[in-house]
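Here are some notes to read beside the model. They take up the pockets, then the strands, then the nonpolar cores.

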Amino acid sequence: MKRNLISLLLSVMVLSGLVSTSVAGSKKSAEKLRIGVEGAYPPFSEVDKDGNMKGFDIDISYALCKEMGTECELVKQDWDGIIPALLAKKYDAIVASMSITAEREKKVAFTKKYYATPAKFVRKKGSGIEINSASLKGKTVGIQRGTIHDKYLTAVYGNDVTIKRYGKQDEAYLDMKAGRIDLLMADSLALSDGFLKKPGGDAYEFVGPDLTDQKYLGKGIGIAIRKEDTALVEKFNKAIDAIRGNGTYDTIRKKYFAFDIYGK
């Protein structure tokens, strides 16, 4: 009887330990935040020669997670499926230079912006191409599929140009250098640092005005989160304010850009 009582007590202790471990494990798991990133949009996100993620969006992701006191797990995802994968709970938030647009706001919630830069066109030097319907007639423009730039180009110049769509921005850069397209359109910083400043980029140049039409190009770059995760949106907003206030944001920005990119 005494031996049975001791065995029973030991069993209760073991079970209590298992329950405690399970709860602790659940808590640890909950502290990890999964961030969807693209990895093919330099200088915002790209994969280095060692297979590691780097770029402005990557550094901002880690800084925000640190500010929120959570572990950051990056999940690489192609752009075409980046919102569907968020809705399927593959990750908790998207930090991938995603513009805040009315169309996207029907599917996901956004934080406040964490930067805002205009879109631009790039042409080959000496081509003489200008950004108007007459000059663009019959030209082929490279664009990343499913982006705000795709929406803008289709709506504004879709009747004038041939639009060649790519899954990744890098693919458009390669075709531009190969002479298979006449123009590029993308975010001005992505074009500057990801194309014009790269080897061979000195043969090309920006053309036309800064493009900021909110109807197509949105209200700046925000972090996309599932609509039901309202508390997480607020946490991110507070973290964005905090890293901008304590100098972390500016330290990261200076690593990539010599000028302010937050916008007005």
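1. A pocket is found on a 1 Å grid over the protein atoms alone: it is an open set of points where a 1.4 Å probe fits, with protein on both sides within 12 Å along at least five of seven lines. Lining residues have an atom within 4 Å of a point. Grid points are joined across faces, edges and corners, and a volume is the space filled by probe spheres set on the points. By this rule the second largest pocket holds about 450 Å³.

2. This is a predicted model, in which local features need pLDDT of at least 70 and side-chain atom pairs count only at pLDDT 80 or more, while totals for chains, interfaces and linings use all residues. Residues are numbered from 1 along each chain as its sequence is written, and side-chain values use heavy atoms, with hydrogens and water left out.

3. The second largest pocket has 22 lining residues, and T101, E103, R104, G146 and K151 lie nearest its centre. Helices (H or I, at least four residues) and strands (E, at least two) are DSSP runs, numbered from the N terminus. Helix α3 (82-87) gives the largest share of this lining, four residues. The lining divides into 10 nonpolar, five polar and seven charged residues; here Ala, Val, Leu, Ile, Met, Phe, Trp, Tyr, Cys and Pro count as nonpolar, Asp, Glu, Lys and Arg as charged, and the others, Gly among them, as polar.

4. The largest pocket has a volume of about 520 Å³. Its lining has 29 residues, with A116, T117, P118, L217 and G220 nearest the centre. Strand β6 contributes the most, three residues. In this lining 11 residues are nonpolar, 12 polar and six charged.

5. Which strands does β1 pair with? Pairing requires at least two DSSP bridges between two strands. β1 (residues 32-37) runs parallel to β5 (residues 71-76), joined by six bridges, and V37 has K76 as its bridge partner in β5. β1 also pairs with β6 in the parallel sense, over two bridges; there G36 is partnered by I94.

6. A nonpolar core is a set of buried Ala, Val, Leu, Ile, Met, Phe, Trp, Tyr and Cys residues joined through side-chain atoms within 4.5 Å, where buried means under 20% relative accessible area (1.4 Å probe, protein chains only). The largest has 47 residues, and I35, F56, Y114, L184, I223 and F236 have the most contacts inside it. A second, separate core of 18 residues includes A119, F121, I148 and V161.

Note on methods
Buried < 20%, exposed > 50% of the residue type's maximum accessible area, 1.4 Å probe, protein only.
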